[in-house]
Amino acid sequence: MRILLIGPPGAGKGTQAVRLAAHLSIPHISTGDLFREHIDQGSELGRNAHAHLRAGRLVPDDVTIGVIEERLARPDTEAGFLLDGFPRNRAQAEALDGLLADSGSKLDAVLELEIPEAEVVERIAGRRLCRQGRDHIFHVDYSPPAAPGVCDVCGGELYQRDDDREATIRKRLEVYRSETTPVVDHYQAQGVVTAISAVGQVQEVLDRALIAIGHRRDDASGV
Ligand code: AP5
(Lines give C-alpha, C1' and ligand atoms only; values in the text may rest on other atoms or scores of the structure.)
Protein backbone atom coordinates (compact mmCIF):
# COMPACT_ATOMS: atom_id res chain seq x y z
CA MET A 1 0.00 0.00 0.00
CA ARG A 2 1.04 3.60 -0.58
CA ILE A 3 -0.15 5.68 2.34
CA LEU A 4 0.27 9.28 3.42
CA LEU A 5 -0.16 10.42 7.03
CA ILE A 6 -0.95 14.10 7.32
CA GLY A 7 -1.70 16.23 10.36
CA PRO A 8 -0.36 19.12 12.42
CA PRO A 9 2.99 18.98 14.22
CA GLY A 10 2.68 16.75 17.28
CA ALA A 11 -0.52 15.03 16.12
CA GLY A 12 1.23 11.65 16.50
CA LYS A 13 2.20 10.98 12.87
CA GLY A 14 5.58 9.50 13.78
CA THR A 15 4.11 7.46 16.64
CA GLN A 16 1.45 5.96 14.39
CA ALA A 17 3.69 5.65 11.33
CA VAL A 18 6.12 3.32 13.13
CA ARG A 19 3.24 1.01 14.11
CA LEU A 20 1.41 1.13 10.78
CA ALA A 21 4.60 0.52 8.80
CA ALA A 22 5.44 -2.50 10.99
CA HIS A 23 1.90 -3.83 10.59
CA LEU A 24 1.96 -3.44 6.81
CA SER A 25 5.65 -4.35 6.35
CA ILE A 26 6.38 -1.20 4.37
CA PRO A 27 9.05 1.47 4.96
CA HIS A 28 8.23 4.55 7.02
CA ILE A 29 9.53 7.61 5.19
CA SER A 30 9.64 10.83 7.21
CA THR A 31 11.14 13.92 5.60
CA GLY A 32 11.73 15.37 9.08
CA ASP A 33 13.79 12.28 10.01
CA LEU A 34 15.67 12.40 6.69
CA PHE A 35 16.62 16.04 7.34
CA ARG A 36 17.66 15.27 10.93
CA GLU A 37 19.86 12.42 9.63
CA HIS A 38 21.58 14.86 7.26
CA ILE A 39 21.98 17.38 10.09
CA ASP A 40 23.57 14.74 12.37
CA GLN A 41 25.91 13.69 9.55
CA GLY A 42 26.92 17.33 8.98
CA SER A 43 26.24 17.07 5.23
CA GLU A 44 25.85 20.23 3.15
CA LEU A 45 22.14 19.49 2.74
CA GLY A 46 21.87 19.11 6.52
CA ARG A 47 23.64 22.41 7.17
CA ASN A 48 21.28 24.20 4.76
CA ALA A 49 18.16 22.50 6.15
CA HIS A 50 19.05 23.11 9.80
CA ALA A 51 18.24 26.84 9.79
CA HIS A 52 14.81 26.14 8.32
CA LEU A 53 13.99 23.43 10.87
CA ARG A 54 15.15 25.59 13.80
CA ALA A 55 12.93 28.45 12.60
CA GLY A 56 9.92 26.18 12.00
CA ARG A 57 9.88 27.01 8.27
CA LEU A 58 9.58 24.56 5.39
CA VAL A 59 12.82 23.51 3.75
CA PRO A 60 12.77 24.78 0.12
CA ASP A 61 10.79 22.57 -2.27
CA ASP A 62 13.66 21.74 -4.64
CA VAL A 63 15.70 20.30 -1.78
CA THR A 64 12.76 18.43 -0.22
CA ILE A 65 11.47 16.99 -3.48
CA GLY A 66 15.03 15.87 -4.36
CA VAL A 67 15.34 14.05 -1.02
CA ILE A 68 11.99 12.26 -1.52
CA GLU A 69 12.70 11.42 -5.14
CA GLU A 70 15.97 9.75 -4.12
CA ARG A 71 14.26 7.86 -1.24
CA LEU A 72 11.32 6.61 -3.35
CA ALA A 73 13.74 5.32 -5.99
CA ARG A 74 15.13 2.73 -3.53
CA PRO A 75 13.94 -0.85 -4.09
CA ASP A 76 12.34 -1.25 -0.64
CA THR A 77 9.49 1.04 -1.74
CA GLU A 78 8.34 -1.24 -4.57
CA ALA A 79 5.67 -2.94 -2.46
CA GLY A 80 4.55 0.35 -0.94
CA PHE A 81 5.52 2.97 1.63
CA LEU A 82 4.15 5.19 4.34
CA LEU A 83 4.90 8.88 3.92
CA ASP A 84 5.02 11.05 7.06
CA GLY A 85 5.52 14.79 6.65
CA PHE A 86 5.58 14.91 2.85
CA PRO A 87 3.97 16.52 0.89
CA ARG A 88 3.52 19.68 2.93
CA ASN A 89 2.36 22.15 0.26
CA ARG A 90 0.63 22.03 -3.12
CA ALA A 91 3.87 22.12 -5.14
CA GLN A 92 5.16 19.06 -3.26
CA ALA A 93 1.81 17.26 -3.73
CA GLU A 94 1.93 17.91 -7.47
CA ALA A 95 5.55 16.70 -7.60
CA LEU A 96 4.56 13.51 -5.78
CA ASP A 97 1.64 12.95 -8.17
CA GLY A 98 4.14 13.23 -11.04
CA LEU A 99 6.64 10.81 -9.46
CA LEU A 100 3.89 8.25 -8.82
CA ALA A 101 2.41 8.67 -12.29
CA ASP A 102 5.88 8.06 -13.79
CA SER A 103 5.99 4.70 -12.00
CA GLY A 104 2.37 3.88 -12.88
CA SER A 105 1.20 4.05 -9.27
CA LYS A 106 -0.86 6.29 -7.00
CA LEU A 107 -1.61 6.83 -3.33
CA ASP A 108 -4.08 4.30 -1.90
CA ALA A 109 -4.98 6.33 1.18
CA VAL A 110 -4.38 9.66 2.86
CA LEU A 111 -5.04 9.55 6.61
CA GLU A 112 -5.65 12.99 8.10
CA LEU A 113 -5.00 13.08 11.86
CA GLU A 114 -7.33 15.56 13.56
CA ILE A 115 -6.49 17.03 16.95
CA PRO A 116 -7.10 20.33 18.80
CA GLU A 117 -4.11 22.72 18.77
CA ALA A 118 -3.96 22.94 22.57
CA GLU A 119 -3.32 19.20 22.71
CA VAL A 120 -0.52 19.24 20.13
CA VAL A 121 1.30 21.97 22.01
CA GLU A 122 1.22 19.77 25.14
CA ARG A 123 2.34 16.70 23.19
CA ILE A 124 5.27 18.49 21.55
CA ALA A 125 6.41 20.27 24.71
CA GLY A 126 6.72 16.91 26.51
CA ARG A 127 8.20 14.91 23.64
CA ARG A 128 11.58 13.24 24.13
CA LEU A 129 13.45 11.41 21.35
CA CYS A 130 16.26 8.88 21.43
CA ARG A 131 19.64 9.85 19.96
CA GLN A 132 20.16 6.30 18.71
CA GLY A 133 16.73 5.33 17.31
CA ARG A 134 14.65 7.96 15.53
CA ASP A 135 11.57 5.79 15.92
CA HIS A 136 11.87 5.64 19.72
CA ILE A 137 9.44 8.39 20.75
CA PHE A 138 8.55 9.19 24.39
CA HIS A 139 6.52 11.77 26.29
CA VAL A 140 7.38 12.89 29.81
CA ASP A 141 3.75 12.37 30.93
CA TYR A 142 1.92 10.25 28.31
CA SER A 143 4.57 7.62 27.54
CA PRO A 144 7.42 8.18 29.97
CA PRO A 145 10.58 6.06 29.84
CA ALA A 146 11.15 3.73 32.81
CA ALA A 147 14.29 5.71 33.77
CA PRO A 148 14.22 9.48 33.10
CA GLY A 149 16.34 10.48 30.11
CA VAL A 150 17.06 6.89 29.02
CA CYS A 151 15.46 5.08 26.07
CA ASP A 152 13.55 1.92 27.10
CA VAL A 153 14.23 0.31 23.71
CA CYS A 154 18.02 0.68 23.35
CA GLY A 155 19.34 2.57 26.39
CA GLY A 156 20.17 5.64 24.26
CA GLU A 157 20.10 9.18 25.61
CA LEU A 158 16.77 11.01 25.30
CA TYR A 159 16.74 14.63 24.14
CA GLN A 160 14.33 17.43 23.20
CA ARG A 161 14.28 18.57 19.54
CA ASP A 162 15.50 22.14 19.15
CA ASP A 163 12.33 23.03 17.18
CA ASP A 164 10.13 21.80 20.05
CA ARG A 165 10.24 25.17 21.87
CA GLU A 166 7.07 27.19 22.36
CA ALA A 167 7.78 29.99 19.82
CA THR A 168 8.83 27.53 17.11
CA ILE A 169 5.83 25.29 17.79
CA ARG A 170 3.52 28.30 17.12
CA LYS A 171 5.35 29.01 13.85
CA ARG A 172 5.08 25.35 12.75
CA LEU A 173 1.35 25.35 13.47
CA GLU A 174 0.95 28.55 11.43
CA VAL A 175 2.86 26.98 8.51
CA TYR A 176 0.65 23.88 8.78
CA ARG A 177 -2.52 25.98 8.59
CA SER A 178 -1.41 28.12 5.68
CA GLU A 179 0.66 25.71 3.56
CA THR A 180 -0.29 22.14 4.44
CA THR A 181 -4.08 22.21 4.84
CA PRO A 182 -4.42 22.87 1.06
CA VAL A 183 -2.71 19.48 0.56
CA VAL A 184 -5.70 17.84 2.26
CA ASP A 185 -7.99 19.61 -0.24
CA HIS A 186 -5.72 18.45 -3.07
CA TYR A 187 -6.19 14.79 -2.07
CA GLN A 188 -9.85 15.22 -1.17
CA ALA A 189 -10.40 16.05 -4.84
CA GLN A 190 -8.82 12.63 -5.60
CA GLY A 191 -11.24 10.92 -3.16
CA VAL A 192 -8.52 9.26 -1.04
CA VAL A 193 -8.73 11.16 2.26
CA THR A 194 -10.07 9.68 5.51
CA ALA A 195 -10.04 11.91 8.58
CA ILE A 196 -9.49 10.16 11.89
CA SER A 197 -9.38 11.54 15.40
CA ALA A 198 -5.85 11.52 16.86
CA VAL A 199 -7.21 12.06 20.38
CA GLY A 200 -7.08 9.12 22.80
CA GLN A 201 -4.66 6.31 23.57
CA VAL A 202 -2.01 5.44 20.98
CA GLN A 203 -3.61 2.02 20.40
CA GLU A 204 -7.06 3.55 19.91
CA VAL A 205 -5.73 5.90 17.24
CA LEU A 206 -3.89 2.98 15.62
CA ASP A 207 -7.11 0.96 15.48
CA ARG A 208 -8.89 3.88 13.78
CA ALA A 209 -6.09 4.15 11.22
CA LEU A 210 -6.09 0.43 10.49
CA ILE A 211 -9.88 0.36 10.08
CA ALA A 212 -9.63 3.34 7.71
CA ILE A 213 -7.32 1.34 5.42
CA GLY A 214 -9.34 -1.87 5.73
CA HIS A 215 -7.07 -3.69 8.20
CA ARG A 216 -7.42 -4.85 11.79
CA ARG A 217 -4.80 -4.90 14.49
CA ASP A 218 -3.31 -8.33 14.94
CA ASP A 219 -2.21 -8.50 18.58
CA ALA A 220 0.31 -11.20 17.67
CA SER A 221 2.15 -8.74 15.40
CA GLY A 222 3.07 -6.67 18.46
CA VAL A 223 2.05 -3.32 16.92
P1 AP5 B 1 8.68 16.78 11.14
O2 AP5 B 1 9.73 16.03 11.79
O3 AP5 B 1 7.87 16.13 10.08
O4 AP5 B 1 7.74 17.38 12.26
P5 AP5 B 1 6.16 17.69 12.34
O6 AP5 B 1 5.35 17.44 11.13
O7 AP5 B 1 6.14 19.06 12.90
O8 AP5 B 1 5.65 16.59 13.23
P9 AP5 B 1 6.25 16.14 14.56
O10 AP5 B 1 7.42 15.21 14.33
O11 AP5 B 1 6.51 17.34 15.44
O12 AP5 B 1 5.04 15.39 15.24
P13 AP5 B 1 4.32 14.02 14.96
O14 AP5 B 1 2.98 14.29 14.39
O15 AP5 B 1 5.22 13.06 14.24
O16 AP5 B 1 4.11 13.55 16.48
P17 AP5 B 1 4.83 12.40 17.34
O18 AP5 B 1 4.38 11.05 16.91
O19 AP5 B 1 6.29 12.66 17.47
O20 AP5 B 1 9.26 18.12 10.46
C21 AP5 B 1 10.16 18.93 11.17
C22 AP5 B 1 10.64 20.06 10.27
O23 AP5 B 1 11.33 19.49 9.13
C24 AP5 B 1 9.58 20.97 9.67
O25 AP5 B 1 9.19 22.00 10.56
C26 AP5 B 1 10.31 21.50 8.42
O27 AP5 B 1 11.25 22.49 8.79
C28 AP5 B 1 11.09 20.27 7.96
N29 AP5 B 1 10.31 19.47 7.00
C30 AP5 B 1 9.83 18.20 7.21
N31 AP5 B 1 9.14 17.78 6.13
C32 AP5 B 1 9.19 18.79 5.22
C33 AP5 B 1 8.64 18.97 3.92
N34 AP5 B 1 7.89 18.01 3.32
N35 AP5 B 1 8.87 20.14 3.29
C36 AP5 B 1 9.63 21.10 3.85
N37 AP5 B 1 10.15 21.01 5.10
C38 AP5 B 1 9.94 19.87 5.77
O39 AP5 B 1 4.11 12.68 18.76
C40 AP5 B 1 4.34 13.90 19.48
C41 AP5 B 1 4.36 13.58 21.00
O42 AP5 B 1 3.05 13.15 21.37
C43 AP5 B 1 5.32 12.45 21.40
O44 AP5 B 1 5.91 12.77 22.64
C45 AP5 B 1 4.40 11.22 21.54
O46 AP5 B 1 4.90 10.30 22.53
C47 AP5 B 1 3.09 11.87 21.99
N48 AP5 B 1 1.91 11.13 21.50
C49 AP5 B 1 1.72 10.60 20.26
N50 AP5 B 1 0.49 10.03 20.19
C51 AP5 B 1 -0.09 10.23 21.40
C52 AP5 B 1 -1.37 9.89 21.95
N53 AP5 B 1 -2.28 9.21 21.23
N54 AP5 B 1 -1.65 10.26 23.23
C55 AP5 B 1 -0.73 10.94 23.97
N56 AP5 B 1 0.49 11.29 23.51
C57 AP5 B 1 0.81 10.94 22.24
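Let's start with Glu 119 and Arg 123, whose side chains meet in a salt bridge, with N and O 3.4 Å apart. Please keep in mind that what you see on the screen is a predicted model. Where do these two residues sit? Both belong to helix H6, four residues apart, and that spacing is about one turn of the helix.

Now, are they buried or exposed? Glu 119 is partly exposed, with a relative accessible area of 25%. Arg 123 has a relative accessibility of 16%, and it counts as buried because the cut-off for buried is under 20%.

Stay with helix H6 for a moment. Which residue does Glu 117 pair with? Its side chain meets that of Arg 177 in a salt bridge, at 2.4 Å from N to O. This pair links distant parts of the chain: Glu 117 is in helix H6, residues 117–125, while Arg 177 is in helix H7, residues 166–188, and the two are 60 residues apart. Glu 117 is partly exposed at 34% relative accessible area, and Arg 177 is partly exposed too, at 43%.

Here is another pair to find on your own screens. Asp 164 forms a salt bridge with Arg 161, and their closest N and O atoms are 4.0 Å apart. Both Asp 164 and Arg 161 are buried. They also belong to a network, in which salt bridges that share partners join Arg 127, Arg 161, Asp 163, Asp 164 and Arg 172.

How many salt bridges are there in the whole structure? The search finds 15.

Okay, let's zoom out to the whole chain. You can count eight helices and eight strands. The radius of gyration is 17 Å, close to the 17 Å that the globule rule gives for 223 residues, so the chain is as compact as a globular protein of that length. Along the principal axes, the C-alpha atoms fill a box of roughly 50 × 45 × 35 Å.

One last thing about how the chain meets itself. Take the contacts between residues at least 6 apart in sequence: 70% of them join residues at least 24 apart. Thanks, everyone!

How values were computed:
Residues numbered from 1 in each chain as written. Predicted model: local features only at pLDDT ≥ 70, side-chain atom pairs only at ≥ 80, totals over all residues. Heavy atoms only, no water. Rg over C-alpha atoms; globule rule 2.2 N^0.38 Å. Contact = heavy atoms within 4.5 Å. Buried < 20%, exposed > 50% of the residue type's maximum accessible area, 1.4 Å probe, protein only.
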